[in-house]
Amino acid sequence: MLRIYISLCLIAILAGSGCDPKGQPDAATGDKLRVVTTIGMITDIVKNVGGEHVEVTGMMGPGVDPHLYKPTPKDVQLLRSAQIIFYNGLHLESKMSDILAKMSGDTVAVAVTDDIDRSLLLTPPEYEGLYDPHLWFDVKLWTKAVGKVRDTLREFDADNTVLYQSNAERYLAKLTELDAYVKAQVARVPSQQRVLVTAHDAFNYFGKAYGFQVRGLQGISTATEAGIADVQELTTFIAERRIPAIFVESSVSSRSLEAVKAAVRSKGFNVEIGGELFSDAMGADGTPEGTYIGMVRHNIDTIVQALIRK
Ligand SMILES: [Zn+2]
């Protein structure tokens, strides 16, 4: 593929029409594939699988909520300059669907969830027929996104197929270990205490994969505000079940969860804020939580410590 492209470039240059700089990476000059990603969890896949042949720019940094994120004019420029855009899909980046649909020419926009068998995805009733987009909480399921990135890179840059394949194998082996780690930690929590209450409904895949009952104050998307009825219902649930801890999320305001804690106290029960979970965004670059593996480990460690405290 690359060879054909270079030949076409040569013909174009000889004909005086030049060569589109957005085409395939040019191995001869050491050019890297220009990739833009949305959420950090996907950026992490591309860094690990693409290695030195890919220059990846993640749009959504720590604390950024992908449900609400609107691309700035600078982001639009960045997206247009990319050769490949990897995004989650399943309406996670709902404010970006127009711009992603309009990508044309040499920019390829790929949803990492595209090839996943729909029977593996969750369709919670409150999501009105749409799929739950938060599949990175099931480590095993998320490996399918790794496969999609690997296959796209191989297709786009066939000369480096072997490298993408071996990088992906190495990363997938780490994810297999990670999945085992999560399961081992979960086993420390008595089964009746495996209840996870968070700011928004991001943890359904986590619940299904690792045997937790999950409750979010807000719906699957943070675009819907929690109402008084939601707070009351959740408050009753926590007090009746005597749930020791609830969890804030790094990309969602903690205000409404603090309100739940106060309401639970007025019912005569004290629920702790068990810590901060990284749900739809990872931690800061250069910290352990700034990687997918570190983020998942932080989350499970935080959950287990808070739930077995009492
Ligand atoms: Zn979310």
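Helices (H or I, at least four residues) and strands (E, at least two) are taken here as DSSP runs, numbered from the N terminus. By that count the protein has 10 helices and eight strands. The model is predicted: local features need pLDDT of at least 70, side-chain atom pairs count only at pLDDT 80 or more, and totals for chains, interfaces and linings use all residues. Residues are numbered from 1 along each chain as its sequence is written.

Strand β1 (residues 33–37) runs parallel to β2, to which five bridges join it; two strands pair if DSSP finds at least two bridges between them. R34 has E55 of β2 as its bridge partner. With helix α2 (residues 40–50), the two strands β1 and β2 make a right-handed β-α-β unit, meaning that, with the strands pointing away from the viewer, the path from the first strand over the helix to the second runs clockwise.

In a regular strand the side chains alternate between the two faces of the sheet. In β2 (residues 54–58), V54, V56 and G58 form the covered face, and E55 and T57 the uncovered one.

Of the 310 residues, 41% count as buried (20 or more other C-beta atoms within 10 Å of a residue's own; exposed is 12 or fewer, partly exposed in between; C-beta atoms are placed from the backbone).
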